[in-house]
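This report covers confidence, symmetry, a strand hairpin, aromatic pairs and a recorded domain. The structure comes first.

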2 protein chains.
Amino acid sequence: MSFVYFFGSGYADGNASMKSELGGKGANLAEMTALGLPVPAGFTISTRVCLDYIKEGSSFSKELILQVESALKKTEEAMGAKFADSLNPLLVSVRSGARVSMPGMMDTVLNLGLNEITVEALSKKTENPRFAYDSYRRFIQMYSSVVKDLETHYMEDELESYKKQCGYKEDTELTASDLKELIVLFKSIYQKHIMESFPEDPYEQLWNAIGAVFKSWNCPRAKKYREIHSISNDWGTAVNICSMVYGNMGETSGTGVCFTRDPSTGENIFYGEFLINAQGEDVVAGLRTPKSLYLLEKEMPEVFVQLESVRSKLERHYQDVQDIEFTIQESKLYILQTRNAKRTTQAALKIAIDFTKEGLLTKEEAILRVNAQDLDKLLHPTLDPRAHKQIIAKGLPASPGAVSGRVVFTALEAESWAARGELVILVRDETSPEDIGGMYSSQGFLTARGGMTSHAAVVARQMGKCCIAGCSSLNISQTLKSMKVAGIEILEGDWLTLDGTTGEVMIGKVETKNAELSGDFTTFMEWAREIRTMKVRANADTPRDAQYARSFGAEGIGLCRTEHMFFEENRLPVVRQMILSKNNIERKLALDKLLPFQRDDFVGILSAMEGFEVTIRLLDPPLHEFLPHTDKDMMILAAQLGLSLDDLGQRVRSLHEANPMLGHRGCRLGISHPEIYEMQVRAILEATEICKAQGKKVYPEIMIPLVGIESELKWLRERLVKIAPHFPFGTMIEVPRAALTADKISRHADFFSFGTNDLTQTTYGFSRDDSAPFLRVYKQESILEEDPFAVIDQDGVGRLIKYACELGRQENPNIKLGICGEHGGEPSSVQFCNSLGLNYVSCSPFRIPIAMLAAAQAAVGKQMS
Amino acid sequence: MSFVYFFGSGYADGNASMKSELGGKGANLAEMTALGLPVPAGFTISTRVCLDYIKEGSSFSKELILQVESALKKTEEAMGAKFADSLNPLLVSVRSGARVSMPGMMDTVLNLGLNEITVEALSKKTENPRFAYDSYRRFIQMYSSVVKDLETHYMEDELESYKKQCGYKEDTELTASDLKELIVLFKSIYQKHIMESFPEDPYEQLWNAIGAVFKSWNCPRAKKYREIHSISNDWGTAVNICSMVYGNMGETSGTGVCFTRDPSTGENIFYGEFLINAQGEDVVAGLRTPKSLYLLEKEMPEVFVQLESVRSKLERHYQDVQDIEFTIQESKLYILQTRNAKRTTQAALKIAIDFTKEGLLTKEEAILRVNAQDLDKLLHPTLDPRAHKQIIAKGLPASPGAVSGRVVFTALEAESWAARGELVILVRDETSPEDIGGMYSSQGFLTARGGMTSHAAVVARQMGKCCIAGCSSLNISQTLKSMKVAGIEILEGDWLTLDGTTGEVMIGKVETKNAELSGDFTTFMEWAREIRTMKVRANADTPRDAQYARSFGAEGIGLCRTEHMFFEENRLPVVRQMILSKNNIERKLALDKLLPFQRDDFVGILSAMEGFEVTIRLLDPPLHEFLPHTDKDMMILAAQLGLSLDDLGQRVRSLHEANPMLGHRGCRLGISHPEIYEMQVRAILEATEICKAQGKKVYPEIMIPLVGIESELKWLRERLVKIAPHFPFGTMIEVPRAALTADKISRHADFFSFGTNDLTQTTYGFSRDDSAPFLRVYKQESILEEDPFAVIDQDGVGRLIKYACELGRQENPNIKLGICGEHGGEPSSVQFCNSLGLNYVSCSPFRIPIAMLAAAQAAVGKQMS
């Protein structure tokens with residue numbers, strides 16, 4: 001049985017598919033070696049040995065020792081050096097490498113094999129005593145800490161005090177003889193604390209290091225990491241023993257990093273940086289400025305040609321752009337690592353398309369190469385990365401984009417400043433539906449309260465505006481028209497910049513870059529549309545939003561809220577008259593006045609979405625949301641309606657609710673005030689007839705909100721179907737009881753639309769307006785990994801949705817199923833919807849590309865599995 | 001095949017078990033006949049014929065006609081009279097009778113068989129022409145309406161105008177010759193509208209009447225009734241044809257109703273009323289005052305002896321107290337009907353116990369003879385039924401009992417009036433936890449808002465006080481200390497009476513009767529306790545409540561809320577100091593001051609419940625509930641804490657929540673402020689040690705509220721178990737997600753307690769404080785049959801509970817399961833809990849007897865099935 005896998009000189013025992021035995025790093029080193037790339041030789045001890053080592057109480061089998069010795073011999077041959085040799089010693093690194101990357105979680109020992117004798121050989125061979133002693137000094141430190149658990153500060157303190165004594169500031173000022181002295185000091189520290197002398201025998205060093213790496217699989221931070229990332233404790237880690245190569249052996253040595261294409265733009269150019277006479281760390285540390293890769297062609301033409309060939313070999317082999325680390329030791333090129341390159345979204349798009357055109361990928365494969373969520377970055381302005389910024393607060397990144405504007409504290413001010421041509425940012429404790437006009441006029445919103453699905457956040461995403469919510473460090477005084485934050489007072493008219501992608505609030509005007517959509521974007525979205533099976537609709541309430549949505553590729557409207565229409569300036573007084581009417585006759589009169597407004601809205605929306613379905617949700621919010629809240633507005637309204645302020649106050653108070661989210665709204669309102677829904681359905685009917693008379697093909701669907709009881713839907717449908725006999729009727733599934741009794745409810749529904757915002761609120765018992773303070777703690781304490789208002793909670797809410805789909809289809813096999821919550825534009829949630837076989841997802845217009853791509857990826861995933 | 005079932009002369013084709021063929025009435029007539037009781041002979045046409053008749057398009061089969069003729073012949077023989085005979089005619093009634101009683105829903109025809117000839121024979125035979133013509137006149141009216149659908153007003157108008165013409169006021173003034181004239185007039189009305197002459201042939205009359213009764217099965221009101229009561233449309237009705245007997249044939253005739261025992265007290269005495277020379281209607285109509293049954297012994301000794309024998313026969317036969325209708329025709333006794341007697345709760349208890357002692361019932365059978373819900377009436381004072389009452393409003397009957405008191409509008413006033421020895425009734429828009437002191441001091445509460453599970457309602461049931469909630473017609477002005485209702489102004493100090501069992505609000509002081517618990521009650525409850533398998537615990541927050549609960553038979557506490565302790569006068573300032581503390585040190589100091597209070601509370605409660613488990617729920621409400629709401633209180637608090645009013649206002653506002661029900665409360669608070677729960681657990685630990693040192697056996701259990709995520713409970717338990725290592729920990733299941741992920745949550749729980757109030761709120765998305773207005777409409781429109789806050793919604797909430805029990809037990813087979821919502825004291829909900837195999841139900845102290853009896857009934861039900 002093989003425990004040890006050699007790689008070197010163009011031959012490898014393992015390959016890239018053996019990640020479970022060799023770990024990711026070991027498998028890749030084998031793969032590259034077999035590809036004929038110049039990888040420093042070495043071998044990998046398999047993960048199985050790790051598990052045995054832990055189980056058997058830290059002992060190595062005879063068989064293992066034989067296999068390691070044999071692999072070491074092959075490594076020596078490949079490298080032309082000999083482990084523990086007094087003239088030409090082979091030095092190695094000992095590194096962990098699990099099946100999946102666990103960066104920084106487990107241990108590594110470099111320069112292993114050095115001792116009093118081999119350090120002299122290294123010094124001679126490199127003609128660089130300082131390099132040799134420094135390597136030895138570092139090895140002693142690393143070995144003591146990793147293998148013997150010696151706390152690092154003992155040797156670090158010694159180093160610092162030595163430097164102080166010599167008047168040095170930097171490590172680089174230490175001379176070879178300083179380092180020699182330090183080695184003696186370090187060894188005596190080792191002796192004192194470990195109570196044995198530092199091992200001179202390289203084999204002893206090697207076996208101890210291997211054991212230490214295995215043990216580090218179970219160190220607390222690695223265990224914690226696995227718990228968080230759901231990695232099995234039974235996988236174990238492999239150990240990679242690699243020959244050391246050095247880029248700091250003089251002017252014919254060097255080190256660098258290169259990308260097979262430009263990771264910023266995706267252009268097919270060879271891109272990278274290198275440093276002569278340097279180690280990998282030096283590139284990272286940034287003390288010296290690396291040179292651009294094209295200079296390597298001049299300085300080391302042969303090496304460059306070799307590297308070019310590595311570039312094309314690796315890219316073709318891995319079928320993706322590679323991020324490659326290399327070292328040149330005395331004019332010889334070594335490849336230390338390759339991995340898929342991180343890239344900008346723009347580059348990811350271009351690369352996916354170019355690879356497909358070059359025949360390296362199919363469209364289905366290409367679709368998987370772009371993170372759907374990242375498309376968001378292409379659709380909104382971003383901060384100029386070079387601009388200076390002074391961050392004064394941080395809130396929740398509720399709606400992306402970066403904007404600057406002048407601060408206003410009320411919706412009315414926002415409208416009047418904007419009317420004067422000013423860019424404004426609306427700052428509120430929280431917004432309410434009354435603010436809708438001011439919100440339209442603003443560049444972005446900043447609120448002190450509310451979470452990712454607060455009113456401000458939802459409206460912002462809907463409108464494609466920037467929003468930072470729940471920024472609790474703001475102390476806003478609306479009356480003083482000022483706010484205090486981080487000791488700074490900000491007044492109306494001051495400039496502020498918001499980054500809705502990060503949640504950062506900056507003082508002043510920070511430069512931003514506008515989004516530019518390339519032709520690649522269009523091509524890519526076309527491919528996504530060809531591949532996806534689930535439709536993507538938009539949530540849109542106005543003709544303008546509907547047009548936006550269509551331009552982004554929406555295939556219908558999944559949620560058209562009718563209440564936003566009620567808040568418009570010319571309608572609100574009539575709505576209030578309707579709510580406060582003393583009897584049914586007065587109410588009918590007010591509703592008759594509202595009907596033409598609604599009808600016109602519907603004509604506009606249906607026309608904008610011609611050819612597609614438009615799901616119109618009847619009135620949802622509680623009536624008190626439409627009533628004034630300030631004394632001044634109350635006075636105006638009382639005068640308008642000819643009521644005493646006292647009477648009006650009494651009426652308004654009687655509508656007050658302790659928990660409006662769970663109150664008299666949705667279909668409950670539709671049943672207690674059927675005349676409202678009747679007016680709305682009549683308006684839909686008339687709008688449809690107008691559109692048809694204009695020769696337009698329109699497909700309205702009528703949606704009843706907040707149904708939880710079969711008889712609610714039955715009662716309303718029976719009543720409304722008399723007005724509009726041939727229209728599809730359906731309901732939102734947005735309270736748990738609707739999902740639990742979906743079999744019964746589906747008897748009266750042509751479609752279900754999962755309202756996952758409210759369903760999440762009621763399933764968790766979380767108010768989206770009030771949950772920010774404790775959700776913040778929950779994130780900190782890892783009680784919740786994801787915000788359930790952003791990503792569908794598959795364990796809880798998802799279980800209800802699945803149940804509702806099954807029950808609904810069981811009773812009504814033709815039922816159409818969709819989702820219209822915020823989750824409809826979040827990739828993992830879209831994936832989940834696809835797995836349930838939903839007919840469509842519906843999301844904010846600006847998230848349609850994301851949803852479309854996620855749907856395509858889900859469809860491909862389905863085909864592949 | 002038999003369609004027709006004869007009964008008469010001591011023989012019957014059918015019996016009491018054949019209700020599905022003969023209907024309830026027919027089966028009982030057969031049973032009584034076979035028992036040898038003097039039932040007027042007749043026959044029943046089975047329900048199957050009804051279904052055929054409707055299906056076959058209103059035709060009768062030859063076979064049926066033959067069977068009816070044969071049964072009619074037997075009836076003639078039994079009665080010594082002949083149908084359609086010109087000298088000694090048999091008259092019959094034709095009545096519907098379905099499997100279950102559908103009172104008044106279907107049709108009946110009396111006196112059938114009368115025509116121009118037989119009416120003369122009846123007149124001669126009875127020597128009472130007026131009686132004969134009046135019977136005929138009534139028959140024509142009834143037949144026209146029932147069989148021919150003639151609208152009743154034609155003949156009624158004619159009758160009225162005839163009386164007017166003669167100057168009569170009452171029907172009784174009509175003479176025989178008047179009635180003869182009216183018969184002619186009625187027949188001509190019949191001729192005019194039906195366009196045929198009134199049928200002279202008794203057989204034609206009979207078959208038409210049978211058909212009409214069959215058809216009435218499908219009349220709209222019967223269909224509606226079946227829909228509401230979930231009665232199958234496929235059952236059909238039987239038709240009963242019975243010989244007419246008359247109690248109004250002179251001084252040797254009469255009619256009456258009797259009970260085999262006293263239905264008010266349950267005493268074993270023969271109880272009833274009768275009238276000489278009268279019909280059943282006369283007893284009901286109340287125009288003449290019936291005589292007490294014991295007078296019958298004097299007036300008709302032979303009949304009385306016969307009736308006594310019927311009494312004992314029927315009671316033994318049906319093993320229950322009977323309500324018997326009888327008629328005496330010319331000294332001959334006929335039994336027309338028997339059924340189980342309606343009775344008072346007190347009587348039901350005594351009867352059940354006496355029957356068991358008499359060997360007629362087993363204890364298990366006796367337990368089923370009392371409606372559990374009715375026990376409530378025994379435990380609370382009731383209005384004196386003879387007292388005059390002026391009802392001025394009606395609200396929801398939120399907590400039973402009848403009380404009078406003087407109106408106050410604030411909790412503070414309630415306390416100060418009560419301190420002066422006044423009885424007070426607290427009237428509020430709604431109550432809040434701050435009012436708790438005033439609520440203790442009041443006789444009852446009346447609120448304008450809130451539903452059956454509003455704060456006022458829950459506290460009232462908990463305290464055993466009367467409460468009427470959601471009385472929306474009240475217009476309360478707290479500042480003016482007055483309220484207006486039904487045009488009346490009521491000021492502070494005015495007397496008001498509440499009936500919490502009906503929801504009626506009365507002006508002034510209406511006399512009430514106190515509850516008296518008999519020895520029967522104690523015996524009965526002992527039997528219930530022997531039989532039930534599920535335990536019954538109480539919801540109790542104070543030592544006093546715990547003692548009450550114990551006196552009512554509680555076997556532990558299922559829910560001890562710790563927040564009520566925080567609201568007491570001497571603690572609230574410290575609680576506020578804790579909430580508003582600027583840092584952890586200040587908060588710790590405040591908590592240290594609270595600890596002894598909590599510890600003493602727990603010592604009291606644990607001691608009162610010695611020997612039983614006490615489930616203590618850690619702090620649940622959001623912190624803002626503890627803060628002042630009025631400007632005055634804010635000022636006092638600011639001064640106490642040395643804060644500016646502005647600063648305090650800012651702090652209070654920052655804690656404000658849009659939907660506190662779904663806000664920062666329960667375990668969310670426990671996680672963001674762990675020091676609060678730590679203090680509480682420490683207090684529980686110390687209290688337990690004190691009790692143990694006193695030699696008491698106490699069993700506290702620690703309950704974490706509002707868990708919806710496994711990691712919430714895990715996090716808290718890990719933290720709290722360090723303080724109290726050996727205590728059982730568990731959680732409420734009160735949000736849907738807890739039920740949906742109960743498998744995971746149960747890994748960290750020793751018990752689950754279903755908090756069905758909140759679970760109902762979140763499953764429906766109903767706020768209990770705001771649902772009254774639409775729940776009222778839902779009741780009216782039959783959208784909800786039952787208030788889900790009163791009776792567990794088995795379809796929705798129940799499905800979640802069942803799911804949680806299954807998931808919880810699957811992962812943790814030893815988990816203890818209970819319910820602590822309001823539903824724990826509602827019989828059908830207790831039954832449901834028993835069916836799920838819960839370990840206990842927990843309810844308000846005053847509902848323990850109800851829960852105990854319901855549990856016993858459920859256990860018997862289980863044995864029987």
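Two strands are said to pair if DSSP finds at least two bridges between them. In this predicted model, strands β24(A) and β25(A) form a hairpin with four residues between them. Gly503(A), in the turn of that hairpin, has a positive phi of about 90°.

**Strand β24 and its partners**

Strand β24 of chain A covers residues 495-499. On one side of the account is β25(A), residues 504-507, which pairs with β24(A) in the antiparallel sense over four bridges. In this pairing Thr497(A) stands opposite Met506(A). The other partner is strand β17 of chain A, residues 402-408, which pairs with β24(A) over five bridges, also in the antiparallel sense. There Val403(A) stands opposite Leu498(A). Four of the five residues of β24(A) are buried, so the strand is largely enclosed by the rest of the structure.

**Aromatic pairs**

Over all chains, the count of aromatic pairs comes to 36.

| Pair | Distance between ring centres | Angle between planes |
|---|---|---|
| Phe131(A) and Tyr246(A) | 4.8 Å | 80° |
| Phe766(A) and Phe774(A) | 5.1 Å | 65° |

Where do the residues Phe131(A) and Tyr246(A) lie in chain A? Phe131(A) belongs to helix α5, residues 129-148, whereas Tyr246(A) is in the loop between β8 (237-243) and β9 (254-259). The pair therefore ties together parts that are 115 residues apart in sequence. Phe131(A) has 8% relative accessibility and so counts as buried. Tyr246(A) is buried too, with a relative accessible area of 4%. As for the other tabulated pair, Phe766(A) and Phe774(A) are both buried. Ring pairs also link Tyr53(A), Phe60(A), Trp207(A) and Phe214(A) into a cluster.

**Recorded domain**

An unreviewed UniProt entry lists "domain: Pyruvate phosphate dikinase AMP/ATP-binding" for chain A, at residues 21-57, 64-299 and 306-355. Over residues 21-57 of chain A, the chain is 62% helix and 11% strand, with the end C-alpha atoms 21 Å apart. Over residues 306-355 of chain A, the chain is 48% helix and 34% strand, and the end C-alpha atoms are 23 Å apart.

**A serine in chain B**

Is Ser123(B) buried or exposed? At 10% relative accessibility, Ser123(B) counts as buried, since the cut-off for this class is under 20%. Ser123(B) is part of helix α4 of chain B, which covers residues 116-126. Leaving aside residues up to four places away in sequence, Ser123(B) touches Asn128(B), Pro129(B) and Ala132(B).

**Relation between the chains**

Chain A is superposed on chain B by a rotation of 180° with 0.1 Å of shift along the axis, at an RMSD of 0.3 Å. This is the relation of a two-fold axis. In chain A, the C-alpha nearest the axis is that of Asn659(A), at 2.1 Å from it. The same surface serves both copies, as 100% of the contact residues of chain A recur in chain B.

**Confidence**

The model scores ipTM 0.80 and pTM 0.81. Chain A averages a pLDDT of 92, and 99% of the residues score at least 70. Where pLDDT is low, the predicted coordinates should not be read in detail.

Technical notes:
Residues numbered from 1 in each chain as written. Chains lettered and ligands numbered in written order. Predicted model: local features only at pLDDT ≥ 70, side-chain atom pairs only at ≥ 80, totals over all residues. Heavy atoms only, no water. UniProt positions renumbered as here; feature names shortened; annotations may be inferred. Helix = DSSP H or I, 4+ residues; strand = E, 2+ residues; numbered from the N terminus. Buried < 20%, exposed > 50% of the residue type's maximum accessible area, 1.4 Å probe, protein only. Contact = heavy atoms within 4.5 Å. Least-squares fit on C-alpha atoms with pLDDT ≥ 70 in both. pLDDT = per-residue confidence, 0-100. Phe/Tyr/Trp six-rings, centres within 6.5 Å; stacked < 30°, edge-to-face > 60°.
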